[in-house]
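Here are some friendly notes to read with the structure open beside you. Take the points one at a time and find each residue as you go.

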Amino acid sequence: MHIPVVVAGLFYSVATIVNSAELSERDYIEELPTVYSASRLPQPLADAPASVTVIDREMIQRTGARSVAELMRLVPGFLISYFDGAARPYATYHGDNDAFNRHLQVYVDGRSVYSGLILGSATYGLLGVALDEIERIEIIRGSNSASQGANAYLGSVNITTRHTIDTVGGMVALGSGGGGIADGSARLGWGDERASYRISLDNRRDNGFSNRFDDSDRTTINLRADLRPTLRDEISVTAGSFGFDWGTNVGTNQPNRTERYRSHFGHARWRRDLDQGAELRAGVFADEEQYFAFYPNTPRADGRVRRIGTDIQHSFSLLQDFRWVWGGEYRSEEISSLDLYAPVPEQANHLLRGFGNLEWRVSDRWLVNVGGLWERHSNVGDHTAPRYAVNFNMTPEQTLRLATTTAYKVPSQFESRTTWGGLKATGGARPERIDSSEIGYLGEFRNIGMSVDVRGFVEKSRSFLRFHGTDIVNKFPYMQRGWETQVRWRLGAGTQIVANHTEMRIVVNPGTPVGDARGVPRHFSTLALFQELPWDMNLSVLQTLVEAYVPTGLGSPAYRQTDLRLAKSFRAGGYRNEVALNVLAADGSHVSYNSDPRFASVVDRRAFVTLKVEF
Amino acid sequence: MDVWIVAPETGAVYREVGDALRAEVERVQPGVVRWSVVPLQKLDTLTESPRLVVTVGSSALTAVVARTSSGTGPAPAILATLLPRAAFEREIGRAAFKLNVSAILLDQSPARQAALIRAALPAAKRIGLLLGPESRALAPAFRQALTEQGLSPNFEDVTQRGLFAALQSLLEDNDVLLALADPAVFNSETVGNVLTAGYRRKVPLIAFSSAYVRAGALLGLYATPTQIGRAGAESVRAMLAGAMLPPPAVPREFVIEVNAAVARSLGLTLNADDLQQRMRSGERQP
C-alpha cells in the first residue's frame with residue numbers, strides 16, 4: 001500500500017515533536033520547581049515568637065481609612081492621637097505620645113521608612129504609603145530589635161505591598177466629601193509570569209479639623225517591577241516619591257504656615273531559592289528626604305537626609321527540626337542641615353548589623369526561638385539585642401508563649417550632635433534600652449471561627465533620652481506593664497467582629513517626673529463589626545474608646561469615636577466597582593488633644609463618598 | 001496472545017506502568033500472554049503485528065497509530081495508557097481507519113474531585129477554576145459535579161484577560177482553586193506565581209499530580225503508575241476472555257497526597273489515608 005507522504009512525515013517526525021500547547025501526560029509528570037517554603041508560606045500565628053496582628057487588604061478597604069495610621073485602631077496597644085492636628089496622626093504603641101513617633105520601626109517591603117531627622121519618626125513614612133498598594137500589614141506588638149534592628153523598640157509595623165502579578169489591570173478611585181476631603185488614585189499593572197509591572201498614583205487632601213489650621217495634601221507615586229529571570233530567582237524593583245504639605249500653627253502669636261516634606265526612594269531586592277527549602281535574599285536601597293519650612297519662627301529645623309544601604313539574609317534548615325536565619329546589613333546616613341547642626345551642617349553616621357535566629361521544633365508541641373542582633377553604630381559603638389521565646393501548643397487550637405527580649409533605640413544624629421536652639425548635644429547620648437517580657441496566649445477555634453490573642457507584658461525602660469539643660473542624656477528609667485487582647489470572630493452569614501482591649505500602667509521611679517505616669521491611658525479599646533448585607537452591600541462600624549491621659553500639656557480627655565461605612569459592590573460593563581459612604585466620628589465630635597485650649601484638636605464629624613473602579 | 005508494550009525510554013514512570021500491567025496480568029493468568037516490551041525508538045524496525053498493543057504515553061500512541069495506518073495486515077487492538085482524554089481523542093481522531101481502541105486515562109472524574117473538596121475542606125463553598133484552550137470543554141461537567149456536591153463553581157477563561165488577571169479575579173472571591181490540566185494555564189513557568197498568589201490570599205490549590213503537591217499545592221488526586229498499570233491489566237484480561245476492549249476509563253484506584261507544610265500554614269490537619277478511606281467508601285455506595 002502506498003504510504004501517503006503526510007503520514008510518512010508524521011511517522012518520521014513523531015519522535016521530535018513536542019507541542020507544548022497540546023495537553024499530554026507531560027503536564028502530569030513533568031518536574032516542577034518547589035515553590036512552597038517556610039518564608040513563602042504564611043507562618044502559622046501559633047509559631048510566631050511574638051504577638052502579631054495582621055491587617056489584610058479586605059479589612060483595609062472595609063474600614064475606609066485614608067492613612068495607615070488610622071488602621072492602627074484595629075491593633076491592641078496602639079493609640080492614635082492628633083496632637084499636631086489632623087494632618088499628622090500619630091499612631092504609637094504603648095505610649096510615646098509626643099510629636100515624634102520614634103520608638104516604632106516601620107518597614108515597607110523590608111525597607112525602613114523611619115525618618116531620621118531630629119528625634120526620628122515613623123509618622124512620615126506611614127503617611128507616605130498608598131493604601132491601595134498594601135497587601136497586608138503585620139504588626140509585631142512588642143520589641144523586635146532582635147530581628148529588625150534598633151528603633152523596633154516598642155514594636156514594628158511591616159507593610160507588604162501587592163505583588164505586581166496580583167494587580168494586572170487598572171484601577172481608579174475617587175473620594176470626596178466634608179472637611180474638604182478630595183482624594184484620587186489610579187493604578188495600571190501589566191505583565192506575565194516572567195515580568196510584571198505596576199505604576200500607581202495617589203493624592204489625598206483635606207482641610208483637617210475645623211478649629212485648626214491643619215490641612216493636608218499628600219501625593220505618592222510608586223513604580224514596581226517583579227521579574228522572574230529563572231525558575232529560582234525573583235527580582236523586585238520599586239521606586240517612588242512622596243510629597244506632603246501640611247498646615248500647622250503652634251502658638252498664640254504664630255501665623256498659620258505650611259510645612260513640607262519630600263522623599264524619594266529606590267529599592268531592589270533579589271531572592272533565590274536554594275536546594276532543600278533554603279533561600280538567599282539580598283537588597284539595596286537609596287533614599288532621600290527633605291523637610292522645608294519645618295518649625296520656622298521657633299528656630300527652623302530644615303534638613304535633608306540621604307541614606308543608602310544593603311542587606312543580605314540566608315535561611316535554611318540544618319536538620320529536620322532546625323531552621324536558621326542569619327544575615328547582615330550596612331547602612332549609611334548623611335544629613336545636611338544648617339538649622340540643626342551649625343556650624344557643621346554636614347553630618348554622617350553609619351551602622352553595621354548582624355542578626356541570627358534559630359527556630360527549633362523540639363517536639364510536636366514545643367517550639368523554641370533563640371535569636372539576636374548585634375549592631376555597631378558609628379556614633380555610639382556596639383550593642384546586642386537578644387530574644388528568647390518558647391511556644392507550647394497546649395492543645396491543637398491553643399498555644400502559650402513566653403518570650404523575653406532586649407531592644408535598643410540608637411540615638412538619632414540630632415540627639416548626638418545637635419546645636420539647635422539653645423542645645424549643645426555633647427555626644428554622650430547612649431542607646432535607649434528596653435527589656436521586655438511577655439506571656440502570650442493564642443486560641444484559634446476554627447470550628448467556631450474565633451481567634452483570641454492575649455498578651456501580658458512587662459516593659460522596663462532604662463536610659464530613656466531626655467533634654468537635660470542644654471544636653472540630651474539618658475535618664476529616668478521606668479516600667480510599664482499591662483495586658484492587651486484581640487478577639488476576631490467570624491460568625492456565619494458574613495459577620496466579622498474584631499475587638500481589642502488594652503490595660504496598662506506606667507510605674508515611675510523616684511526622680512521620674514510624675515507626669516509620666518499619666519502619659520498613657522489606663523485602658524482603651526476598639527470594637528469593630530463588619531457585616532455583609534443583601535444586594536452586595538456591606539457595613540462597617542468601628543468604635544474606639546479611650547480613657548483620659550496626659551502625654552504633655554493639658555492632655556487628652558476621655559473620648560469615644562464611632563466611624564461608619566456602608567458600601568455597595570456592583571459590576572458594570574465587566575468591571576468590578578464599589579461605591580461607599582463613610583462617616584467619621586458619626587456620634588459627634590470629640591477632643592483628641594489639648595495642647596492649648598485655643599488649638600485643641602477637635603475631631604469633627606465628617607462624611608465622604610468614595611468610588612472605586614477596577615478593570 | 002501476542003501483546004506489545006510500547007513506551008518511550010525516557011522516564012521511569014513509563015516503565016513502571018508497563019511493568020505493573022504485565023505483573024498484574026501474569027499474577028492472575030500466568031503464561032497466557034507473550035509479551036514484547038518495545039522501546040518507542042525501535043518501533044519502526046519491527047515488522048510483525050501483534051493482537052494487542054499497549055501504549056504508554058501520548059507519543060507512543062501517536063507512533064503506533066501512524067504505524068498501523070501505514071501498515072499491512074489486520075490492525076491490532078490498541079490500549080492507550082498514561083495520557084489525558086484530550087490527547088487520546090486527538091490521536092484517535094487523526095487515524096484514518098476504524099480501530100479497536102481503549103484507554104486508561106489520567107483525568108480524574110469531576111465527581112471524584114468534587115467529593116475530595118467536600119471531604120477535605122468542608123468549609124469551602126466557592127470553587128475557582130481556570131480554563132484554557134485544552135480544558136474549557138470540561139467546564140459543563142465540572143459545573144454539574146460541583147453543584148451536585150453543594151459547591152458553587154466559578155470559571156475564568158485565561159484567553160480573555162490573560163492568566164494573571166483571571167487568577168486575581170478567582171482568588172478574590174473563591175475559597176479553593178481546583179486545577180484542570182492545561183499547559184496554557186499550569187506549567188513549570190506559571191506554577192510559581194500561581195502558588196504564591198494563592199498563598200498570599202490563603203486560597204489553596206487542589207491539583208492533578210504528585211508534582212504539583214511537591215511544588216506546593218495543598219492536595220493532589222491522581223492514580224499512580226502502578227495503579228494505571230493494574231487498570232490496564234483488567235482491560236487486557238477482558239480481551240483474553242474473548243471480549244472487545246472495555247471503553248476508555250479512569251482507573252478505579254487513586255491516591256490522595258497532602259502537602260503537610262502547606263496544610264499546616266493554612267491551619268488544616270489533613271490525613272491522606274483518612275481522606276482516601278472516606279472517599280473510597282463514598283464511591284462504593286450506590
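**Notes on the model**

1. Let us begin at a proline: Pro343(A) sits in the loop of chain A between helix H7 (338-341) and strand E17 (346-361). Helices (H or I, at least four residues) and strands (E, at least two) are DSSP runs, numbered from the N terminus. The peptide bond joining Ala342(A) to Pro343(A) is cis, with omega about 0 degrees.

2. Before going further, some ground rules. This is a predicted model, in which local features need pLDDT of at least 70 and side-chain atom pairs count only at pLDDT 80 or more, while totals for chains, interfaces and linings use all residues. Residues are numbered from 1 along each chain as its sequence is written, chains are lettered from A and ligands numbered from 1 in the order in which they are written, and side-chain values use heavy atoms, with hydrogens and water left out.

3. How confident is the predictor? The model scores ipTM 0.91 and pTM 0.87. For each residue there is also pLDDT, the predictor's confidence from 0 to 100. Chain A has a mean pLDDT of 86, with 90% of its residues at 70 or more. Please read residues 1-19 of chain A with care: the pLDDT there is below 50, and the stretch has 13 contacts in the model beyond near neighbours in sequence. Contact means heavy atoms within 4.5 Å. In chain B the mean pLDDT is 90, and 97% of the residues reach 70 or more.

4. Two residues of chain A have a backbone angle to look at. Asp109(A) is not a glycine, yet its phi is positive, about 55 degrees. You will find Asp109(A) in the loop between strand E4 (104-108) and strand E5 (111-112) of chain A. Trp535(A), also not a glycine, has a positive phi of about 60 degrees, and lies in the loop between strand E27 (523-533) and strand E28 (537-546) of chain A.

5. Is Asp109(A) buried or exposed? Buried means under 20% relative accessible area, exposed over 50%, and partly exposed in between (1.4 Å probe, protein chains only). With 10% relative accessibility, Asp109(A) counts as buried, whereas Trp535(A), at 70%, counts as exposed.

6. Now look inside. A nonpolar core is a set of buried Ala, Val, Leu, Ile, Met, Phe, Trp, Tyr and Cys residues joined through side-chain atoms within 4.5 Å. The largest one has 88 residues, and those touching the most other members are Leu52(B), Leu130(B), Phe186(B) and Leu219(B). Helix H7 (residues 163-173) of chain B gives the most to this core, with 7 residues. A second, separate core has 39 residues, including Leu71(A), Val108(A), Ile139(A) and Ile434(A).

7. Stay with H7(B), where 9 of the 11 residues are buried. Among them are Leu163(B), Phe164(B) and Leu167(B).

8. Axes are lines fitted to C-alpha atoms, for helices over the stretch in contact, and angles run from 0 to 180 degrees between N-to-C directions. Angles under 35 degrees count as roughly parallel, over 145 as roughly antiparallel, 65 to 115 as roughly perpendicular and the rest as oblique. Phe164(B), Leu167(B), Leu171(B) and Glu172(B) of H7(B) meet residues of H8(B) including Val194(B) and Ala197(B).

9. Compare helix H1 (residues 12-28) and helix H10 (residues 225-240) of chain B, whose axes come within 7 Å and cross at roughly 45 degrees. That makes H1(B) oblique to H10(B).

10. Finally, find Phe254(B), in the loop between H10 and strand E11 (255-258) of chain B. Phe254(B) is buried, with a relative accessible area of 1%. From Ile228(B), Phe254(B) is 26 residues away in sequence and 9.0 Å away in space, C-alpha to C-alpha. Residues up to four places away in sequence aside, Phe254(B) touches Gln108(B), Arg112(B) and Met279(B), among others.
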